[in-house]
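Here is a short report on one protein model. Look at the sequence and structure, then read on.

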Amino acid sequence: MKKYILIIAIALQAAALAACGSAKKAVNPDSTTITTTPAAPGSDSKRAQMIASTFGAWQSMQCNGTLSLGGKKSISSSVNVRMQRDKFISISLRPILGIEVGRMVFTGDSVYIIDKVHRQYIAENVDVFINGLPANVSTLQDIFLGRAFTLEGGTFNQSGVNNAVASVNNNVVTLTPVKTVKGFAYDFKFDDKNIIKALTVTPEGAKETTYQVDYSDVRKTVAGNVAHTLSIEGTMKGNALKLKLSYNNISWNQNVTADTTIPSGYKRMTADKLDSLLGGGDDEK
């Protein structure tokens, strides 16, 4: 039981960075060259504008939810999720009776993972995990909420409609950023009603998508269209990663806070310990 708790937190942290971190092998951390992709034949500017109009402004969100993790370990936990736009993402793990056993917080430049079961924590600069890519907490928020984005322009909206091109094929709409970091490509898939279905990320030279985020249960909210369920599949250090996160009863634009306080007496772990923990091992009772 004990080791399961930290594995959940680590897998969630890895999944949140999936769309950015998948390019680690393809991108030189000292060079984030932006490349330009020309508009494909048949690009549809009106469709791009329609998609941009589905994403609205917001200041904060909070909700309960459920996290399920598959792979070497199959685990499920209730969670509490809080976000403040452009500031932080906080995910609290509460598998039994609403009691917090672990917490993960992304801020503008840091990642905190606090394991209350083992009385240990990780506190690192976010660059340790994204390997110098020009991503930030706002990008991760878009990934978690099912909102298309571009690395240079943020959430895809009317003010940045020229940052991506849309093309339609057999009722599937593909939204492709005009500019991306050299070494990997990413795009978004929508249905013919402009509802987001997936984010795919492919490092340069890869035959298949390294990471894919599938979205479902997309609902209209005060913040525009928001996916209430996301499923992420990928690999990390050779281990299959499958994660599903569902939201319940989202509240928007309330006062929210993120607790990054490290309890007294907790032992600090370094980021290089993540790989061994993701590999599994015997469970502690």
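L199 stands opposite V213 in β15. This is a predicted model, in which local features need pLDDT of at least 70, side-chain atom pairs count only at pLDDT 80 or more, and totals for chains, interfaces and linings use all residues. Residues are numbered from 1 along each chain as its sequence is written, and side-chain values use heavy atoms, with hydrogens and water left out.

**Strands β13, β14 and β15**

Four bridges link β14 to β15 (residues 211–221), and the two strands run antiparallel. Strands count as paired if DSSP finds at least two bridges between them. β14 also pairs with β13: seven bridges join these antiparallel strands. Here Y186 faces V201 in β14. β14 is mostly covered, with six of its eight residues buried. Buried means under 20% relative accessible area, exposed means over 50%, and partly exposed lies in between (1.4 Å probe, protein chains only).

β13 and β14 form a hairpin with five residues between them. N194 sits in that turn.

Most residues other than glycine have a negative phi. N194 has a positive phi although it is not a glycine. N171 also has a positive phi, again in a residue other than glycine. The table sets out their values.

| Residue | Phi | Loop | Relative accessibility |
|---|---|---|---|
| N194 | about 65° | between β13 (184–190) and β14 (196–203) | 7% |

Which of the two classes, buried or exposed, does N194 fall in? N194 is buried, because its relative accessible area is 7%.

**The whole protein**

The protein has six helices and 18 strands. Both are DSSP runs numbered from the N terminus: helices are H or I with at least four residues, strands are E with at least two. Of the 285 residues in the protein, 49% are buried. The accessible surface comes to about 13200 Å², and 45% of it belongs to carbon and sulfur atoms. Such areas come from the Shrake-Rupley method with a 1.4 Å probe; for residues, only the protein chains shown count as cover.

Contacts (heavy atoms within 4.5 Å) can also be sorted by sequence distance. Among those between residues at least 6 apart in sequence, 57% join residues at least 24 apart.
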